[in-house]
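Dear colleague,

Please find below the structure that I am handing over to you. My notes on what was found in it follow directly after.

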Amino acid sequence: MTERSNIQALIDKAETTHTLTKDELVTLLQDRQYEAEVFAAADRVRQKYVGDEVHLRGLIEFSNRCKQNCLYCGLRRDNSKVSRYRLDVDTIIDFAVKAKSYGYRTVVLQSGEDEWFDVDKMVDIIKKIKELGLAITISVGEKSREVYQAYRNAGADRYLLRIETTDKELYEKLDPGMSWDNRMRCLYDLKELGFELGSGCLVGIPGQTVESLADDILFFKEIDADMIGVGPFIPNPDTPLADEAGGTFELSTKVMALIRLLLPDINIPATTAMESLNPQGRVLALQRGANVVMPNVTEGEYRQLYLLYPGKICINDTPAHCRSCITGKITGIGRKVSETHGYRVKRA
Ligand code: SAM
Ligand code: SF4
Ligand code: FES
């Protein structure tokens, strides 16, 4: 077979059977010539399985304090250049109320690993937000099974915890003091407790190979994740990885497109980090397999302080502006903002 027909056969296989071997994934990840065909296939699969609606999730970044020290992240505890904040419970609820008034059906509560928000405080916040009729996604890192159970009992619907990389050695090098086995334990606990499970990986972290990206994609299929967020690693000048090259927009969207081909009915966000590298990043991602966007609903100066990486979009914008901005982008490509809570509907 010619190279083109060989690649096209792999894309056809992925589009029709939603399976690929590790070697086949590596071939597609390495190829640079037929990326447009991969993106077009992912867009067709997205259309067929999850339709044209785009789910919006309002993101509340409620604390930038973190006890962890991930080498890539601007919120890491040893970064003394960042001014730390944490919102009080009333402010978080106020932002959720406003998110509802902007038409969001889900809020995502995200923070560093901040122990001040103990289980009682989180349960209180979750219950109050559930009373508003919103779906809730939690993204606050690694906790015990009992704590996850308490969040779930309080009404939390989804949990986001990226594995970052399935390469255990690399993970433990980049996340000093953290255990890859424990992160895996968290993911399996969350799944068993009935959360919609969100995970994902960072593309372009130093030491990552295409083989390990292929393993990441196969892992997401193995755990039957309900949502996968992929973002390029963007080096932060105030971290030990300041001088590293970082990930590219193209490779991140390729990984995302392959995830759509293998997990056709899941929710996939067009990530903020993608748009931070490419001004059209979220729209392009929506045309390469994504069906979710998570606009920021945090207000005021906090946006500037939740600085994982430089160039983060929307840090000087208001929630109202972001809501109309993203609606314009979505309708501008002939898609529609969903009015549902946007749970995964298993169709595959
Ligand atoms: N602390 C929680 C955790 O780590 O799961 C949630 C918040 S954390 C800031 C959310 C995500 O930000 C991480 O999963 C990581 O993939 C991403 N992130 C951190 N630093 C980044 C960087 N320099 N470039 C791109 N994404 C980054
Ligand atoms: Fe903390 Fe999450 Fe950043 Fe790691 S990625 S330093 S856990 S906020
Ligand atoms: Fe925030 Fe466009 S979504 S300015």
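Please keep in mind throughout that the model is predicted.

Where does ligand 1 sit? Ligand 1 also sits in the largest cavity. There are 18 residues around ligand 1, and those that come nearest are Tyr-72, Ser-111, Arg-162, Glu-164 and Ile-234. The shell of ligand 1 is made up of ten nonpolar, five polar and three charged residues.

Which atoms of the protein make polar contacts with ligand 1? In Tyr-72, a polar backbone atom is 2.9 Å from a nitrogen atom of ligand 1. The side chain of Arg-162 has an N or O atom 2.8 Å from an oxygen atom of the ligand. In the side chain of Glu-164, an N or O atom is 2.6 Å from an oxygen atom of ligand 1. Taken alone, ligand 1 exposes 560 Å², and the protein buries 92% of that area.

I turn now to the sheet. Three strands form an open sheet in the order E8-E1-E9, with parallel pairing. E8 and E9 stand at the edges with a single partner strand each, so one side of each has no neighbour in the sheet. As background, the strands of a sheet pair through backbone hydrogen bonds, and the pairing is either parallel or antiparallel.

The pairings can be followed residue by residue. Strand E1 covers residues 53–56, and two bridges join E1 to strand E9, residues 336–337, in the parallel sense. Here Glu-53 stands opposite Lys-336 of E9. E1 also pairs with strand E8, residues 292–293, again parallel and over two bridges. In this pairing, His-55 stands opposite Val-292 of E8.

With kind regards

Conventions. Residues numbered from 1 in each chain as written. Chains lettered and ligands numbered in written order. Predicted model: local features only at pLDDT ≥ 70, side-chain atom pairs only at ≥ 80, totals over all residues. Heavy atoms only, no water. Pairing = 2+ DSSP bridges. Helix = DSSP H or I, 4+ residues; strand = E, 2+ residues; numbered from the N terminus. Near = heavy atom within 4 Å. Polar contact = N/O pair within 3.5 Å; in protein donor to acceptor, adjacent residues only side chain to side chain. Areas by Shrake-Rupley, 256 points an atom, 1.4 Å probe, with all protein chains shown as cover. 1 Å grid on protein atoms, 1.4 Å probe; cavity = no way out; pocket = protein on both sides within 12 Å on 5 of 7 lines; lining within 4 Å. Sits in = over half its atoms within 2 Å of the grid points. Nonpolar A, V, L, I, M, F, W, Y, C, P; charged D, E, K, R; others polar.
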